[in-house]
Amino acid sequence: MAKSYETLMGAVGRSVFFRPERQRVRELLSRDARPQLLVDGVHFPLFDISMNGLSFLASRNSDGWTVGKEINLELTLHDEVVYQGAARVARTEAGMGSTIRVGLGLNTGFLDLPEFRRRDDQKQLDKDLAEGPEVRFRLVPERYRAEMTRISNFLQFYRKSLSYHEKRYRSDHPGESRAAELAERALSAVRGRWSEMQVSASRAAVEVLENRSVLLAAKEFTETVVTPHVMESPIGYRAFTKPYGYPGDFQTMLYYYDNQFEGDTAFGKLIHKFYVGDYALGAGVRSRKDFIVELMKSEYERTRRSFSDVFRVVNLACGPAREISQFIDSIGRWTGEIVWTLVDQEEEALSLAYEGSRSKIAALDCHGRLDLLNLSFSQMLSDGLPLRGAEPQHFVFSTGLFDYVSEAKAKSLVKHLYDLLAPGGLLAVGNAVAPNEIFWATEFLVDWTLLFRTRKEMLELTAVLPEGAEKNVVEEPSGAYHFLLVRKH
């Protein structure tokens, strides 16, 4: 399962000063672990955990959590005590609603997280072997089961057919590969039916969203009977396996931008091309890039008319930053100086972004600078952006990060990004559109959770901004993504 973007540590893990990584309990352990925390004999909900401490939620009105106070701690998993000992209050901070988060540091021993996970995995195996799939299968609504069976049969039919003909072509023409040709023919034949099935699956999935147990059972059923079929595609495999802990990493974005028949088999190429080419959220990645490029050109011209010699831009969670290289290709030579600040938690993404844009700047012999900030998503959301010199920015944008950020954090980030703007500067924040009938293919098929937002919900993110801010929400041309546009006055 993907980690929450609000907990992804990225470059923090490579910091000079080592600090044991904190992990949310729901990401470390299964629901069946039933963690129970006793603090001085009183139960509290466990929030996160590390080797040398943990934190829990308490009422904001509760007293007694002074820093340095010593307490007795007991932690149980699967109804077995896994730690008992003394601890001290290390910190307190505001939580959601009427709660505070209390952080504890252990006085003795440590929390053996690998052992906790191993024990949890073993308990899960024991349960799976004893119960089999029937218990959770019965939770899945009949309509949803029928849709998954229909889709599985559809995909397996074309997987078998394309595999047969790919082998036949290879036998008739040794040394030649006809996989791309087969995939292209198949896409023309099946794209309409495959699109219809995904809409039908999304409609059936609405029924399971209200009950978490049913939702988890439906996702597990999907991942058992349908997901294996799409794992032959590079994008399906990467999104589901999440090598960086989350599905929408820079390589996934490159797949979308390149929009090619990629994969080792004809069937893998077919599925890959459908998701990068036809699927609305995939095609929308390219469309929103073009939308940002046009906005950037417009803001550059506006800044030039104000007689500013420097145009400053921030690209938050930039990935490969194709917007920058495309802007350079589109505008050609420019006068004055342009300074782009590219922010991402992955060094590889920043390296790709730098190489792709630096060579174009050098070829034009124009004054352009690329400042790179390697910050984790957790840092971005909690600490803001330490920009060089803290100069006001003319254009600040983020195309995909807000798809993963809760409302409270999103509002705080919008306020921080707005504060970076120079007077007259523009903030552009992208987010996948709600409502829609395409969410099944991400949420259920490859465990890719997006926070879709309506136009009203996008505008609500500006509630913390000054009254003078000029706010609007528009859709980029494909209609898959909203953009919240805020002008500073």
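Trainee: Which residue stands opposite Val314?

Mentor: Val396 in S12 stands opposite Val314. Strands and helices here are DSSP runs, numbered from the N terminus: a strand (E) has at least two residues, a helix (H or I) at least four. This is a predicted model, where local features need pLDDT of at least 70, side-chain atom pairs count only at pLDDT 80 or more, and totals for chains, interfaces and linings use all residues. Residues are numbered from 1 along each chain as its sequence is written, and side-chain values use heavy atoms, leaving out hydrogens and water.

Trainee: How do I read strand pairing?

Mentor: Strands of a sheet pair through backbone hydrogen bonds, either parallel or antiparallel. Two strands count as paired if DSSP finds at least two bridges between them. Take strand S9 (residues 310-316): S9 pairs with S12 in the parallel sense over three bridges. S12 and strand S13 (residues 421-432) also run parallel, joined by five bridges. There, Phe397 stands opposite Ala428 in S13.

Trainee: In which sense do S13 and strand S15 pair?

Mentor: Antiparallel, over seven bridges; S15 spans residues 481-487. Ala432 stands opposite Tyr481 in S15.

Trainee: What is the order of the seven strands in the sheet?

Mentor: The order is S11-S10-S9-S12-S13-S15-S14, in an open sheet with mixed pairing. S11 (367-374) and S14 (470-475) are the edge strands, each pairing on one side only. From one strand to the next, the twist averages 15°.

Trainee: Why is S12 largely enclosed?

Mentor: First, the term: buried means under 20% relative accessible area, exposed over 50%, partly exposed in between (1.4 Å probe, protein chains only). Six of the six residues of S12 (residues 393-398) are buried, so the rest of the structure largely encloses S12.

Trainee: How do I read the handedness of a crossover?

Mentor: Point the strands away from you. If the path from the first strand over the helix to the second runs clockwise, the crossover is right-handed. S12, helix H15 (residues 407-420) and S13 make a right-handed β-α-β unit.

Trainee: Which residues of helix H12 are buried?

Mentor: In H12 (residues 322-331), they are Glu323, Ile324, Ser325, Phe327 and Ile328. Contact means heavy atoms within 4.5 Å. The buried residues of H12 pack against several elements, including helix H9 (250-258), S9 and S12. Gly332 follows H12, with a positive phi near 70°.

Trainee: How do I read a helix lying across strands?

Mentor: Compare axes: lines fitted to C-alpha atoms, for helices over the stretch in contact, with angles from 0 to 180 degrees between N-to-C directions. H13 lies across S10 and S11, running at about 180° to S11. H11 lies across several strands, among them S9 and S15, and runs at about 20° to S15.
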